[in-house]
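Hi everyone, thanks for coming. Please have a look at the structure on the screen, and I'll walk you through a few parts of it.

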Amino acid sequence: MVTTAPKQEEAVGGGTGPTTERVLVLDFGSQYSQLIARRVREQGVYCELWPGNTPVQELARQAPAGLILSGGPASVYDQDALRPDPGIYSLGVPILGICYGMQLLAHDQGGRVRPAQQREYGPAFVEVDSREGIFTGLPQSLPVWMSHGDVIDELPPGYRVVAHTANSPVAAMAGPGGNFGIQFHPEVAHTPQGSEILRNFLYETCSCQGTWEEHSFVEHAVAEIRRRVGEHSVICALSGGVDSAVAATLVHRAVGDQLTCLFVDNGLLRRGEADRVIEVLTRNMRMRIVRVEAEARFLNALSGVVDPEEKRRVVGREFISCFEEETKRLGAVPFLAQGTLYPDVIESTAPDTFGARTIKTHHNVGGLPKGMSFQLVEPLRYLFKDEVRKVGRALGLPEDMVMRQPFPGPGLAIRVIGEVTKERLEVVRGADWVVIDEIKRSGLYSKVWQSFAILTPVSSVGVMGDYRTYQNVVAVRIVTSDDGMTADWARVPYDVLSDISRRIVNEVPGVNRVVYDISSKPPSTIEWE
Ligand code: XMP
């Protein structure tokens with residue numbers, strides 16, 4: 001995922017995060033900034049991403065245990081380079097500068113940076129000259145990932161070299177106050193000991209205690225929801241996905257039956273999905289769920305629609321109408337709970353006012369109407385997806401719900417290419433069932449990002465028994481991905497593909513051919529529509 005340098009008014013962080021101990025990443029536009037925050041949290045320390053140029057007074061209010069300056073595309077000598085408030089160097093907390101962040105640290109502290117003769121990009125080995133501080137307990141030679149065009153020519157006063165490479169005499173530097181700069185990227189998988197380096201910074205240098213874990217998050221979130229919601233009612237739209245299920249479960253734990261969940265069965269869901277979600281959340285979690293049977297309404301509205309974007313609009317619009325009708329029935333409901341995640345918050349670049357925000361047109365499930373005024377309860381807005389899954393487990397949600405693959409809001413409507421009819425939905429539903437079943441059986445379900453079937457608008461000739469057939473072609477799409485932004489087709493064993501193909505043709509009436517999609521994203525997308 002590429003994060004661009006946030007502008008001053010686009011506060012990224014700024015909320016009342018769910019714990020007191022924290023480290024802040026100042027974002028200078030690196031594509032890895034989010035990853036740094038995740039890596040820090042993996043070490044048990046809560047971390048937020050803030051714009052690189054946040055005024056120091058705001059940072060001081062957060063009382064961070066340490067600051068991390070991210071990499072970025074600029075050079076410190078660029079006129080319009082994003083810079084930190086110089087006050088950060090007097091905050092009295094250790095600073096770790098990564099790549100461009102290290103160059104900022106060197107430049108701002110009185111050193112000199114110059115363009116490298118040769119841009120260093122890719123794997124390299126650093127030789128550690130001083131195995132202490134961030135390098136405590138690490139071997140002398142470390143494989144690392146480099147990506148930089150500038151190098152440090154002259155160290156700032158009080159700083160010393162603690163690691164070098166063949167091309168960079170200053171691959172890492174240490175200075176007063178626990179400050180460190182590293183030219184390489186500890187947050188990426190290509191720096192295998194990167195997590196230990198970050199851990200050393202957090203625990204050795206910043207003296208963190210490591211208070212960030214899912215159980216303490218649940219306690220804090222439940223208390224915070226109770227405080228905000230008081231005696232009022234809350235509504236939550238369940239999509240069947242993990243985020244809304246976890247958000248609803250947290251709210252339910254906080255305020256019990258003041259929460260009503262809405263589950264719109266729009267006829268575009270996978271086989272057994274609606275029943276399963278409702279069973280888990282009503283029977284196991286004892287939530288109050290209103291199931292809205294809306295298949296006929298959605299299929300009527302989709303009748304004759306073939307354009308993918310139009311399908312999305314129709315599904316969004318119908319969802320909103322259902323939502324409005326049901327909320328009217330419930331009387332005064334001032335709060336709406338949503339499963340918004342931290343990456344959505346970062347990407348939306350909306351000013352974060354954790355208190356009371358009124359909903360705008362943008363909504364997880366498809367844009368609620370203007371004039372509908374709710375205060376949002378978004379207990380997951382500081383979490384990454386993997387953390388949401390851990391919280392779901394801590395709340396006792398079953399593994400199959402916690403580990404669900406992503407499923408698009410418009411559902412199977414965008415997996416039936418061309419017109420969506422009840423019959424064609426039934427075909428894609430049957431094929432989808434086989435794909436998921438076989439992928440689970442082969443142990444690949446949680447290893448791939450998504451696995452599903454698409455009903456193509458193509459018919460092909462086949463032979464079954466002694467008869468000629470002329471039936472549907474189903475495509476199977478199985479992809480690996482970290483975040484859905486890029487993806488690759490999964491190299492699934494031939495035997496698994498063979499079982500999928502055989503079962504679809506045998507078990508799903510109307511299909512005589514199965515093809516496997518071998519396109520990556522880009523240039524293709526994950527969904528076909
Ligand atoms: P694409 O097809 O754009 O998908 O590569 C990336 C990820 O987003 C999901 N997706 C959607 N999710 N509403 C959603 O809620 C949509 O309209 C939509 N379109 C795609 C897709 O399943 C994949 O995980």
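**Sheets, a helix and a loop**

Let's start with an open sheet of five strands, paired in parallel in the order β12-β11-β10-β13-β14. Its edge strands are β12 (288–293) and β14, each pairing on one side only. From one strand to the next, the twist averages 30°. Strands here are DSSP runs of E with at least two residues, helices are runs of H or I with at least four, and both are numbered from the N terminus. Two strands pair if DSSP finds at least two bridges between them.

A word on the source: this is a predicted model, where local features need pLDDT of at least 70 and side-chain atom pairs count only at pLDDT 80 or more, while totals for chains, interfaces and linings use all residues. Residues are numbered from 1 along each chain as its sequence is written, and side-chain values use heavy atoms, leaving out hydrogens and water.

Back to the sheet: three bridges join β10 (residues 234–238) to β13 (residues 335–337), and C236 has A337 in β13 as its bridge partner.

Elsewhere, β5 (residues 112–128) pairs with β6 (residues 141–154) in the antiparallel sense over 12 bridges. There, R112 stands opposite E154. β5 also pairs antiparallel with β7 (residues 160–164), over two bridges, with V128 opposite A163.

Finally, where is F374 found? F374 is in the loop between α10 (342–348) and β14 (375–377). F374 counts as buried because its relative accessibility is 5%; buried means under 20% relative accessible area, exposed over 50%, and partly exposed in between, with a 1.4 Å probe and protein chains only.

Notes:
Axes fitted to C-alpha atoms, helices over the stretch in contact; angles between N-to-C directions.
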